[in-house]
Every structure is written in structure tokens, then in C-alpha cells.
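Student: I am new to this structure. Please take me closely through one part, the place where the two chains meet.

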Amino acid sequence: MGNSFAMLMDGFQTAFTPTNLMFGLLGTFLGTLVGVLPGIGPALAIGLLLPITLTVNPTSALIMFAAIYYGAMYGGSTTSILLNTPGESGSVITALEGNKMAKAGRAGAALATAAIGSFVAGTIATLFLAFGAPTLAEFALTIQPAGYLSLIILAFATVGTLLGSSRIRGLVALSVGLVIGLVGADLQSGALRLTFGNLNAIDGIETVTVIVAIFALGEALYLASRHSLVPVEVLAMKGKAWMTKEDFRRSWRPWLRGTAIGFPLGVIPAGGSEVPTFLSYGVEKALSKNKDEFGKGAIEGVAGPEAANNANAAGVLVPMLALGLPTSATAAVVLVAFQSFNIQPGPMLFQTSPEIVWGLIASLFIGNALLLVLNLPLIRFWVLLLKIPTHYLYAGITTFALLGAYALNNSTFDLQVALAVGFIGYLFRRFGVPITPLIIGVILGPLAELYFKRALQISQGDWQILIDGSFPKVIYSILILVIIGPLVWNFKKKFAVNKK
Amino acid sequence: MIPKISKQGKGELAFASSLFLLGIFVAWDVSKMEIPQGSSIVSPQTFPYMVALFTSLVGIALVFEVLRGRYATPDGDEPGDPFLPANFKTMAILAAAIGLHVILLEIAGYVVAATLCFWGVAFAFGSRKYLKDLGISLAFAGIVYFSFTKGLNINLPSGFFEGMLGK
């Protein structure tokens, strides 16, 4: 504990150099800018901005990333309140009540409770992250390859079955992701698979290309096919983005409850920010004295889920940093950002690159504070961005996404991959298949293979090792609960309905 | 009894079966892998075979899901009516704009490729102000090109403008 505190102070020292502070400021600005644009969620925002950090030194670049990470989340909530097109699952709930508030002329209060709530939740959750992640990393050093494999399989199962409307479609996304992850040379033997004789494919498919293409190009293709592009109405914002005492009184408990729900659900692989925001909304609705306001613009319904969303974003960083296991699309992009500097997140990270990781955590605090200062006064500027016509917006997103895919390796092969993946993204949207499990499959699939092989090499080929020891047993028990539990639950519900 | 399959159901069935075929295809490709002799205890084919099997099984499960009438519910968080038939014409224009960018980038340079791509996407999304769009496209491509090559030192193909713009 004490050690973490001292390290965090060192981190602040790293982050507070003028250069790094400037990159932090730039990151918050760019993150919000891109996050505000409709149709761009945090994962795509970070993916699009990845090339910008290529020429900067690792510490500054990652500090900028931390700022972009929170900035994109803030930006997203502004869009869902004023435009009612959330664009990413974590903001669906915010749009529900926030947009109603905006229609009733209370946009200012909705934006303020979202911003301040995100700040409160982000700060508390980052504090937990700072003290929780090193502890987890220390524990993780004792985890054997078989244990890691069990963790990855648990992440596959939860991300695959908890997201979206249909379990099978979640698994569909996962399987396609795993197939994409297979492309290239086998890490140990160098044997080639699914490369079709293409030399460029030997190194595998770039994760960033997949993320950028599936979100940006897939979305653009889907929207183009939908054809009925009704111009979305931007709600006017009157007055300042601020809350009354009454708003504040009604908001602070939801903020704290949202944090309490969002953070732990980010740490365990529960599949992104969808579940915690829905849960938080449900809790606030159940506890509220103004139940009749829900569905018509209740401030608790914005405050809670927004806090949960941000706390969740910090929670997801815990397994990402300490175990090297991303459990949301956004965390996956941050992992890729680390890897592009040849830094591998995982248990060793806190020992091998303490300067970078503590600088990053410190700048999460700083970025969070900067955002509060930057966002409320600048809100009118952000609102202007919402008025960009749809055709220019998507023209810009598409062109910039292609640039992102190209600039990483300066190769047109990546562009061809992007086009193909964009088409997969279109099919997924058309047939109701969620995107996140695919990304988790692409990034964790090769890791799963690695740990699978390491485990079997330790045991000289005896498969028993995969379930040996208490750690894998505990994880697989949780896995069975996660899979079977909801089935029993559904059956009971159906049974109850039939009885009636 | 199998319920009557709607048009949407047919599309979904095609999607589900293609997933099954993807699994078979992966297995076939993996079976042809050239493996260096005596490399390791675990064959490099084991894990890919598991992925192939998983993919095919999920594909079969999805076929049954669709046959039982459980169709996809598209995400409600995007504009547009999800149940309208797809407009393949606008989609094709968009895909062509992207394809053109891929082909032209290293031949004609970034500015040309990006301008045409931006313009094409705007056209696909229904904009018909050709000249104004061209101006905006060119401005966008130019700003991106210069801020990346001069500001960030990330090289982009200069194409026609090589020499003219300097390196």
C-alpha cells in the first residue's frame, strides 16, 4: 500500500513535466473532439488517434492515451444527451433519460451531472486502480500458464454470451475473431496458416486495422445500406451547463452507487460497459423517490449510469495492466497502444516499466480533472461539432480510418484487410451480431494459444494439466456458473409465466 | 415443424451457413500446414483445429436458432429503420470509394486518393453539391497530408506532387 503511494507520487512527477502535461491536455482535447462526433465510440476514437502517437516517446504517448481514453468517454455522453444516438453501448442508458431532459430544456443539468459524475467516479475508480492493480499483478505472478488459459476462456465466455441480444450471436463474433487471430505464422514453429501465400500476412493481421475497420467502415457501409438518413435533430442547449442545489442533492448518491457498480464489473470480465450501466439504471429506478420521472428525464438516470460507465472504464484497466487481458474493445485498443511501443502489459509491467505505468495512472487523475475544467466551459464548442452534416461526417471518418490503417505499417495490404473487415462489420450489424467479442477474439486468441502450448509443454503433453491446481478449478467453476446460471434463471422465469 | 422462412430469415440462414463453411475451410487450410519436423510437443495444428471446430459448431447452432424463428434484433442505437431492405446501390458506391482509395494511394498519392474517397463517401451518403464537396474533400485531404508529413513526420505517398511539394 505504502509502496503504491510512493510510486504514484513518482508517477505524478513524471506526468507533471511541461511536455507530458501538454500531451495530456492535447489528449483530453482530441479525445473529447473525436468522442463527441456521432458514430464514434471510445474504442474507435483511440484507434483513429493511434498513428498520432507513433512519433512521440512512449511515456508521453501513453499519457496522451490515458487522456484520450477518458476524453472520448466524456464526449460520448454529450452526444447521447443532445443527439439521442449513443453510438456505443455504454451510453445507451444515458441517452434514455438524458435526451428526455434535454428535450425538457434541462440539457445543462444533464450535461453537468454527467461531467461531474464522471469526474467523481473516475477519480475514485482510478484510486482503486492505483492500489488494486499492483496487488493483482503480484498475485498474477503465481498464475501458471494453465491458469491464464482458464482466465482467457472465462473472458471469452462472459464477453461472448453477455453482450447483445443473443448468446449464439455473441459466440459467432468470438469465433470469427479467433479465426482472424489465427492468420499468420505459428509463434513457435513458424508454420504458416491462412496466409494464402501472401507474404504480408505472415506477421498476422494488425489488431488496430481490425478495430478501426470494423467500427468505422462497417458502420459507414451499414448506414449507407440503410439509406433512410433522416437528419438527426440536435437539441438546443439553453443557459450554462450547471446544476442547481436540488440537482446536486439528487445526483451525489447515484454517482457513488454507480461507481460501486461500475468498477468491480470492469475488473471481472463482464463484457464492457453495457451490463454495469443497465444495472445502475435499474438500481436508481428502484431506489428513487421520483419513480414516475423515470422515462421522462430523471436526473438520477443520467448520474448513476454515467458514473458507472466511467468507473467501469477504470476497472477494465485493472486486468488490462495487471494481467495483460483486455475485456472490452476500448481496453483492447489501449493494449495495442502499449504493444506498439514494445511494452507488454501483464504482471511484470509494474516491475519492468514502473515509470510508464505509474505515469499513466497519475495522468488518468490529471486527465480527469482537466476534463472537468475543459468540458463544462467548452460545451458550446462541442455542440457545434454535432452540426456537421452526416455525409461529411462519414466521409471524414471513413477517410481517416483508412489513413489509420495505412499509416501503421505503410502498407496497402493493411488497407485491403480493412476493406474486407469492414464488410464483415457490415454483415455483423445486418445480422445482429455484436462487435466486441470479435475484437476480444482477435486479441486474446493468439494469447490463448500461447498459454495452451506452454501449459502442455510443462506437462510434456498431458492435457490433465489444464485443470490441475486450485486456480483453474475455481475459474472453471465460475465459468460453469456464468453459463448455467442464466439458463436456470430463464427456465424459472418461463416456468413462472406458464404457471400463471 | 419448420416455420415458413421469411426473406430476412433466408439472409440469416446464408450468413449462418457461411460461418459453418468458414470452420470447414479453416480446418482444410490447417490440414495443409507445413510443419517443421520435431519442432515441439504440441502440434501447431491442435489449437487451429479447435478454433475451426468451434466456428463450425457455432455456425450450426446459429442455423438452428434461425430455423426456430429467432431472428436478429439489430442494435437500436443507430439511426435508420433496420427492417427496410438494404440499399445495395449506395453501399456499392461507398465500397467503390474505399476500393479506389486502396488502389490509388500508392499510385497517385495520398492527396488524390483521399480527396476522391472523401468525395465518393459524401456522394454515397446523398450529397449532391459536387463542386462544394470537391473543395471540402481537397481541403480535408490537404490538411491531413501536411499535418501528418510535416507535423508528425509520418510519411504518406506523395504521388504526383513529389518534387513539387518537396520531401
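Tutor: What follows is a walk across the interface of chain A and chain B, with two stops elsewhere in chain A.

Keep in mind that this is a predicted model. Start with who takes part. Chain A brings 77 residues to the contact, and chain B brings 76 residues. How much area is buried between chain A and chain B? The figure is about 6,600 Å². Carbon and sulfur atoms give 75% of that area. Three residues of chain A stand out here: A:Arg169, A:Tyr392 and A:Phe431. Together they supply 10% of the area that chain A buries against chain B, more than any other three residues.

The rule finds 2 salt bridges across the interface of chain A and chain B.

Which elements of chain A give two or more residues to the side that touches chain B? They are α8 (167-182), β2 (192-193), α9 (207-226), α16 (390-407), α17 (412-430) and α18 (436-458). The largest share comes from α16(A), with 12 residues. By type, the residues on this side of chain A divide into 44 nonpolar, 23 polar and 10 charged.

Next, a helix of chain A. Helix α4 covers residues 58-83 of chain A, 26 residues in total. At 1.5 Å a residue it should span 38 Å. Its end C-alpha atoms are 36 Å apart, which agrees. Is α4(A) enclosed or open? Of its 26 residues, 25 are buried, so α4(A) is largely enclosed by the rest of the structure. Look at its start, too. There, a side-chain oxygen of A:Asn57 reaches to within 3.1 Å of the backbone nitrogen of A:Thr59.

A:Gly295 lies between α11 (274-287) and α12 (300-323) of chain A. Its relative accessible area is 35%, so A:Gly295 is partly exposed. Beyond its neighbours within four places in sequence, A:Gly295 is in contact with A:Glu97, A:Lys100 and A:Tyr281. A:Leu96 is 199 residues away from A:Gly295 along the chain, yet their C-alpha atoms are separated by 7.0 Å.

Conventions. Residues are numbered from 1 along each chain as its sequence is written. Chains are lettered from A and ligands numbered from 1 in the order in which they are written. This is a predicted model: local features need pLDDT of at least 70, side-chain atom pairs count only at pLDDT 80 or more; totals for chains, interfaces and linings use all residues. Side-chain values use heavy atoms; hydrogens and water are left out. Helices (H or I, at least four residues) and strands (E, at least two) are DSSP runs, numbered from the N terminus. Buried means under 20% relative accessible area, exposed over 50%, partly exposed in between (1.4 Å probe, protein chains only). Contact means heavy atoms within 4.5 Å. Buried area is the accessible area (1.4 Å probe) that two parts lose on being put together, summed over both. A salt bridge is a side-chain nitrogen of Lys or Arg within 4 Å of a carboxyl oxygen of Asp or Glu. Ala, Val, Leu, Ile, Met, Phe, Trp, Tyr, Cys and Pro count as nonpolar, Asp, Glu, Lys and Arg as charged, and the others, Gly among them, as polar. The expected span of a helix is 1.5 Å times one less than its number of residues. A polar contact is a pair of N or O atoms within 3.5 Å; within protein, one must be able to donate a hydrogen and the other to accept it, and residues adjacent in sequence count only if both atoms are side-chain atoms.
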